[in-house]
Amino acid sequence: MKSIRSLECGLLGWMLAASVLLSAQTIDPASTTQGTEPAMKEKPLGDYVVTQSFEFGYRFVDVTNRKAAPGAPTDLSMYNTLVNLHEGPRLLQQSLSIQSPSHTGLLFDDLLLTSFGFGGDPNDLIRARVSKYNWYDFTGLFRRDWNFFDYNLFVNPLNPPTSDPNIPVLHSPHSYDNVRRMMDFGLTIAPHRLFSVRLGYNRNTFERNSASTIPEASDDELIETQLVQRNRVITDSYHFGVDYRGVPKTVFSYDQFITHTKHSTTWSDQNFPFVLSDGTPADLGIVWNTLNGQPCDAPLTAPGVASEFCSLYLAYTRFNPVTTTAATEQFRVSSNRIPRVSLNGSIGYSNLDMHSTFNDLFNGFLPDTGTRQYTTTGPIRSERISVKSDLSTSVRITKRLRLVDKFRFYAFRIPSSWNSFLSTWAGDSAFSPVGPTPDNVDNTFFTRFLRENTKSNETDLEYDFAKPVGVRVGYRFARSTYTHQGVNTDLTTGDVEVDDDVIEVNSHTAIGGVWVRPLPGLRANADVELTSADNFLTRISPRRKLQYRFVASYQPKKWINFGATANVQEARNGVSEISYNAHNRSFGFNGMLTPSDRFALELAYNVNNIGSNAFICFQSSPSPATANAFACAADEEGGAPLEIYQTYGETDHYGLVSGMFRPWKRVRLNLGYSIVSVNGNATILNPLQPFGTLKSNFHRPVAEVEIGLRQGVSLIGRWNYYDYREKTPFFGPTLPRDFHANATVIAMRYAF
């Protein structure tokens, strides 16, 4: 029954296309001069001209996925992660335009209202713009994004089948199903006049549930459990700005932004599939490898009954409300008043204040530390003060020679503190009683300080040999200083730990470029940058960097357009204990042919090759990775004692072909196909880890037919096919991710 429905849904779009084309043959082409798309007929309304349209339809969806076993239910996780289109009626598109061509409207001269996606699509939007010439310009936007993610290999512990019991994790422990709602309003008073004012308000709401994990680890035992994270984040931003144009060829601008964010997210353990021998619900976590003692050697004393001596959770909650307020000021100037000199500059200052209170409660048993229960509380306070400025000056020395200088300054500092109170109750098992007072209370005052100070200056000489050819050479110097300080003061014992670190990085960059216009319609630009640094901040911070960029476009005729791009980045850090080298190479081209309104063809192709190799340290791994590893010299504390030279590489191919045909004036047919093909390889530390998306194909053919029934009315049939397949048969100790889906839309478009 399922296969029959899949076949019907997949062929529905093609059947609709065929029926429409057959019916179109009965239409006399000479009886009408209109095209397929409904004519946006203008209607006079007083001083205004009105046009409007909407497209309403129904989407049919059928999804089939690869089954782990015959008869298993359909799993939509990967489909929702990549596509997330579902069945039902939809307002696919709507537009309303009211214009006063002579700018004589009473309250406004132009009004534009557009929307799409309402009825259940993952993205819907409504946008409005209202303006009165030289008086005001108002924009408003509402957008809702439904974001779903459940790529089941992400943060998956990949429990081995040799564990007793064998409990695979079938979904990502960090999956999410969130909704973000965004409102944005902007008003400009007296645009283009001597003095104009800009006002704005933005609200961003992020909510609904996601999954996360919390670990409790020691050298001998590890228990990691999944939590339900109830998200609730609201951000309000206010904007005030002014522009002054009283000086000829000069604009002065001032902006003030105030942003307030409130995080009310909570975390709780709601997964208790086991019970203790007395019937108390228990959670033994998501990591199951009993041969390695996770969560312990013998976690169950009977089917469904957890051992009271094993690492387990009986309850966990966390409430960590965070409130931030940020004020930002910015002053900008742009001037061409001085002959042959162009000047652009800005300076900004921002101050962010954050305060929070951390509260969490663990109730259960951690045998490695003999912990029966603990609570962590305490206020958190942090600030972020930043200053940034830039000044760009262009001086035309001669008709062909220009000098361009760009100076940038950026600095921030983040002081923070946390007065932590850790109360611990000791126990010998999960049955140990929890008394009214803790066995130990540790009060530690943590302070952290992070600062960055970066200055850079770039000087370029640009020279036009002739109209079709020009070159530039330049040099950039940058100096960044990073300061980190951490102080841990144990107020219970009086012990103080101090950690200071200061890193300065100086980089020198040689810059070259050329641009050519050898033929009418042909343009090409090429740039190269070579950077050398005397230090690095992280293990993947390059000390040598080389970048090439190339862009070309060619338009031999008005209806022919071709383009090509290339971007190559090479990065190195040759320090012996790191040996980091990486590259990111991207090449692409596109073409568009539109010889008439009855035919159009679009082609595109892009290949992206990424590679990254370096020594990495890790904690443990099954063979064969452990057999090839050696002691990690960079790990002094022993948390990641093993080291190996890690390699990673992938090549992504993207291809697109799309064509539009009008066999009859009332009929339009679109056919297209796109593919994303990934071929990669990487160092695998766990033999249960599949390559997943690193070796995969994603096919997306599409077909659409539209027939004009009468003036302003057309019928639309649209079919999309999605086929995701991994190139290796091994999908890991979880659910398969391969799927294919048919999405067919039948819609009516009406313009009036």
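R668 and E704 form a salt bridge (a side-chain nitrogen of Lys or Arg within 4 Å of a carboxyl oxygen of Asp or Glu), with their closest N and O atoms 3.0 Å apart. This pair ties together distant parts of the chain, as R668 sits in strand 31 (residues 667-682) and E704 in strand 32 (residues 695-710), 36 residues apart. Strands here are DSSP runs of E, at least two residues long, numbered from the N terminus. Both partners are buried (under 20% relative accessible area; exposed is over 50%, partly exposed in between, with a 1.4 Å probe and protein chains only): R668 is at 6% and E704 at 12%.

The model is a predicted one, so local features need pLDDT of at least 70 and side-chain atom pairs count only at pLDDT 80 or more, while totals for chains, interfaces and linings use all residues. Residues are numbered from 1 along each chain as its sequence is written, and side-chain values use heavy atoms, leaving out hydrogens and water.

The salt bridge count comes to 33. E570 takes part in a bridge with R585, where the closest N and O atoms are 2.8 Å apart. Here again distant parts of the chain are linked, with E570 in strand 26 (residues 560-573) and R585 in strand 27 (residues 580-596), 15 residues apart. E570 also pairs with R572, this time at 3.7 Å between the closest N and O atoms. E570 itself is buried at 15%, whereas R572, at 36%, and R585, at 28%, are partly exposed. Elsewhere, a network of salt bridges links E458, D460, R472, R476, D527, E529 and R549.

Cis peptide bonds join D164 to P165, with omega about 5°, and Q294 to P295, with omega about 0°. P165 falls in the loop between strand 6 (136-149) and strand 7 (176-189), and P295 in the loop between strand 13 (281-282) and strand 14 (300-302). Positive phi turns up in two residues other than glycine: A190, at about 60°, and K249, near 55°. A190 lies in the loop between strand 7 and strand 8 (195-217) and is buried at 14%. K249, in the loop between strand 9 (222-244) and strand 10 (250-263), is exposed at 64%.

Key
Helix = DSSP H or I, 4+ residues; strand = E, 2+ residues; numbered from the N terminus.
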